[in-house]
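Have the coordinates open as you read.

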Amino acid sequence: MEFVRRIVEHPVLEYEKGKKIRFFFEDREIEAFEGETIAAALEAAGVRWYRETAKYGRKRGIFCAIGKCSSCLVVADNRVVKACQTLVKEGMIVKRLRGKPQIA
Amino acid sequence: MVEEYDVVIVGSGPAGLAAAEVLGGEVSVCVLDEQPYAGGQLIKQTHKFFGSKEHFAGWRGIDIAEYLIGEVKRRGVELKQQHRVLGYYAEEDLVVAEDENGKLHEIRGKKYLFATGAMENMFVFENNDLPGIFGAGAAQTLMNMYGVKPGTRVVMLGAGNIGLIVSYQMLQAGIDVAMILDASPTIGGYHVHAAKVVRAGVPIRTRYTVKRAIGEDKLEAVEIVKLDENWSPIDGTEEIVEADLLCISIGLSPVIELFAQAGCRIEYVPFLGGYVPVHNKFMKTTNEKIFVAGDASGIEEASTAMVEGKIAALAMLGDLKNVDIEDRIMHEFESLAKLRTGFFGRRPKEGKIQMEKLASKYGL
């Protein structure tokens, strides 16, 4: 069981959370908040490993979290997206990207 | 259908928003940005800014972003988030942006400001792609924007301002900061930021670096090593430090792909952080339609980015409307000079002098 990493109290910030929603990552049901990126929701649930590289099958997670490095590519509702740039949606089906993405 | 504006700005960070604030109400402006939220890196900055009142001294980045977004909207600027600009096409004179649904939009400006910002530098060591190795900015995004702990125990590589500030913010978020490492013999960041983490009991080890990351499908430990005077690892000084997060904070590089794709001349200026689009003091690139501002023109701070954004905006306004901008632009030049004084201003100041020479070489 992964440790859930939500910050409960903070000396400077108050976090305004959106509506509670649920989505799926590799068949696991995960709770998230509307307005969060897929990456924020996955990290909060303790998920670190987002994809496998095409050539050597290296495991990758987020690195820059601002849409520059492409380390966090996942397949969300059948589209290859950057997890750090894409907002999570109710019922979204997110899978690890394994190898090269397919062009539909 | 092509959407038409007087000015198209790419990037809703400090430079882009400051430019939009100047231009809004004067000409039609559209700001395109790939992130879900406007404000660039300001929206995760909880520390207070230095400088003078004009440069938001005493404000936190998040509050500056909120203020600028409000001002820009009030002036009728169109802010389009989740619009990733794929390229500038010279023949048609437009940019193509992809929205969150994968739909493409053609957007044309009489002038363009590309304020694309910067990204974190990577460091070479064994297993450096292991999940759990983040840029320091990524850790900051998770904590300060989304209220998510990026880890439970962290090793920070880099004792510059970002490394120190983010370490302190991790302590605020209840994360155990095991240590801060820096390969150089001295701490790079401001003393006030270093003092805060040291007071909290975090060791800063200078002349230390990361040798390798340890873990199967995520980071479990970091092997660190001491460096000698020639920056070479000293055998036998290796230590294994348990951590589920390693943050890399060893500098930033300008994001210049869009300039390169658009055909703007690029030059290597180490004092500006690497490859940057050639620009004159009005922030005009070698393509007279395209301007640059902020970290994309050389790595500095949000305060200088905002002034550069204003300079680019005034220069564009002068080109578009034949209004007298001289006094206002002179004021911003003085403002930049003030911000670039002191120890931390010497590198960008020297870099910008080199850039002016390059610009004149290209006839700017």
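Predicted model: local features only at pLDDT ≥ 70, side-chain atom pairs only at ≥ 80, totals over all residues.

A charge sits over a ring if NZ of Lys or CZ of Arg is within 6 Å of the ring centre and within 35 degrees of the ring normal. In chain B, Arg207(B) places its charged end over the ring of Trp231(B), 5.6 Å from the centre of that ring.

Residues are numbered from 1 along each chain as its sequence is written, chains are lettered from A and ligands numbered from 1 in the order in which they are written, and side-chain values use heavy atoms, with hydrogens and water left out.

Now to the rings themselves. Rings of Phe, Tyr and Trp (its six-membered ring) pair if their centres lie within 6.5 Å, and planes under 30 degrees apart count as stacked, over 60 as edge-to-face and the rest as tilted. Over all chains, the search finds nine aromatic pairs. In one of them, Phe56(B) and Trp59(B) have ring centres 5.0 Å apart and planes at 75°, so they meet edge-to-face. Trp59(B) also pairs with Tyr67(B): the centres are 5.6 Å apart and the planes again at 75°, so this pair is edge-to-face.

How much of these side chains can a probe reach? Buried means under 20% relative accessible area, exposed over 50%, and partly exposed in between (1.4 Å probe, protein chains only). Phe56(B), at 13%, is buried, Trp59(B), at 32%, is partly exposed, and Tyr67(B), at 34%, is partly exposed. On a 1 Å grid over the protein atoms alone, a cavity is a set of points where a 1.4 Å probe fits but cannot get out, and lining residues have an atom within 4 Å of a point. The largest cavity holds about 170 Å³ of space. Its lining has 18 residues, and among the closest to its centre are Ala65(A) and Gln35(B).

Definitions and conventions
1 Å grid on protein atoms, 1.4 Å probe; cavity = no way out; pocket = protein on both sides within 12 Å on 5 of 7 lines; lining within 4 Å. Points joined across faces, edges and corners; volume = space filled by probe spheres on them.
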